[in-house]
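Biologist: Could you take me through this structure step by step? I would like to begin with the sheet and then move on to the side chains.

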Amino acid sequence: MYVVYHCRHARSLRVVWALEEIGADYELQVLDFQGAVMQSTDYRAINPFGSVPALRDGDHALFESGAIVDYVLARAGSGLRPGPQDADFADYLMWSHAGEATLTAPLAVIARHAMILPPDRRAPLAVADAHERWTQYADALAGRLAGRDFVAGPRFTGADIMVGYALHLAEVLDVVGAAPPRLHAYWRRLRERPAYGRAAAA
């Protein structure tokens, strides 16, 4: 059974969402985002960065949300992960990585400088720049969704989980409102998935 280390609204939501989509058995360990457990020697043996997510699978320990999502979908033989010979494989890889490296990056800056850091360490200019980048990226994502329901092809895949978390975080940070209508429709489709609902409530 998988053991998942999770904080609410953190990137670990992607892992829980993926496991819920495939109906996998897992044990959830919910941690305090700024608590002592993640800085402990025992936890850093699982995730050396002292952050979430982390996943234990027998003798294997994994971190990084994208790697874990791809791992559990591949091991499940799930249709949520196109294979190398699939016509949608390239788009799956590209949008899976874009979900974290591009879309989530400015939102993480907003979260850090608007919520996480103490007020005397916050940088308003960094937040303003991150808002501008998020708006550009949201417009690009909306463009990608023209004439399609999902980012990597005609069906829901792990790439939508990766991108969907960015939209979840944007909603938490109250910056999704100005996104184009097409993006709101996509986010609504993702939110309506029962697996997302269970993951978001975890």
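Modeller: We shall discuss the sheet, then the helices, the salt bridges and a surface patch. Please keep in mind that this is a predicted model.

Biologist: Fine. How many strands form the sheet, and in what order?

Modeller: The open sheet consists of 4 strands in the order 2-1-3-4, and the pairing is mixed.

Biologist: Which strands stand at the edges?

Modeller: Strand 2 and strand 4 do. Each has a single partner strand, so one side of each is left without a neighbour in the sheet. From one strand to the next, the twist averages 20°.

Biologist: What stands opposite Ala54 in strand 4?

Modeller: That is Phe63. Strand 3 and strand 4, the latter covering residues 60-63, are antiparallel and share 4 bridges. These two strands form a hairpin with 2 residues between them. In the turn, Gly58 has a positive phi of about 65°.

Biologist: Which helix lies across the sheet strands?

Modeller: Helix 1, residues 12-22, lies across strand 1, strand 2 and strand 3. Relative to strand 1, helix 1 runs at about 145°.

Biologist: Let us change topic to helix 7. Which of its residues are buried?

Modeller: Leu183, Ala185, Tyr186, Trp187 and Leu190 are buried in helix 7. The cover over the buried residues of helix 7 includes helix 1, helix 5, helix 6 and helix 8.

Biologist: I also noticed Ser96. Where is it, and is it buried or exposed?

Modeller: Ser96 is found in helix 4. Ser96 has a relative accessible area of 11% and therefore counts as buried, since the cut-off is under 20%.

Biologist: What is Ser96 in contact with?

Modeller: Setting aside neighbours within four places in sequence, Ser96 is in contact with Gly158, Ala159 and Met162.

Biologist: Now the charged side chains. Why can they pair at all?

Modeller: Side chains of opposite charge can pair when their charged atoms come close.

Biologist: How many salt bridges does the count give?

Modeller: The count comes to 12 salt bridges.

Biologist: Which residue forms a salt bridge with Asp86?

Modeller: Arg155 does, with the closest N and O atoms 3.5 Å apart. Arg155 lies in the loop between helix 5 and helix 6, while Asp86 lies in the loop between helix 3 and helix 4, so the pair ties together parts that are 69 residues apart in sequence.

Biologist: How exposed are Arg155 and Asp86?

Modeller: Both are partly exposed: Arg155 has a relative accessible area of 31%, and Asp86 has 29%.

Biologist: What about Asp88 and Arg155?

Modeller: The side chains of Asp88 and Arg155 also meet in a salt bridge, at 3.7 Å from N to O. Asp88 is in the loop between helix 3 and helix 4, and this pair is 67 residues apart. At 14% relative accessibility, Asp88 counts as buried.

Biologist: Which residue meets Arg191 in a salt bridge?

Modeller: Glu171 does, at 3.9 Å from N to O. Arg191 belongs to helix 7 and Glu171 to helix 6, 20 residues apart. Arg191 is partly exposed at 33% relative accessibility, and Glu171 is partly exposed at 37%.

Biologist: Last topic: the surface. Which residues make the nonpolar patch?

Modeller: Phe33, Met115 and Ile116 make a nonpolar surface patch of about 280 Å².

Biologist: Where does Phe33 lie, and how accessible is it?

Modeller: Phe33 lies in the loop between strand 2, residues 26-30, and helix 2, residues 41-44. Its relative accessibility is 45%, so Phe33 counts as partly exposed.

Terms used. Residues are numbered from 1 along each chain as its sequence is written. This is a predicted model: local features need pLDDT of at least 70, side-chain atom pairs count only at pLDDT 80 or more; totals for chains, interfaces and linings use all residues. Side-chain values use heavy atoms; hydrogens and water are left out. Patches are made of residues with over 30% relative accessible area and no salt bridge: like charges are joined within 9 Å, nonpolar side chains (Val, Leu, Ile, Met, Phe, Trp, Tyr) within 5 Å. Accessible areas come from the Shrake-Rupley method with a 1.4 Å probe; for residues, only the protein chains shown count as cover. A salt bridge is a side-chain nitrogen of Lys or Arg within 4 Å of a carboxyl oxygen of Asp or Glu. Buried means under 20% relative accessible area, exposed over 50%, partly exposed in between (1.4 Å probe, protein chains only). Two strands pair if DSSP finds at least two bridges between them. Axes are lines fitted to C-alpha atoms, for helices over the stretch in contact, and angles run from 0 to 180 degrees between N-to-C directions. Contact means heavy atoms within 4.5 Å.
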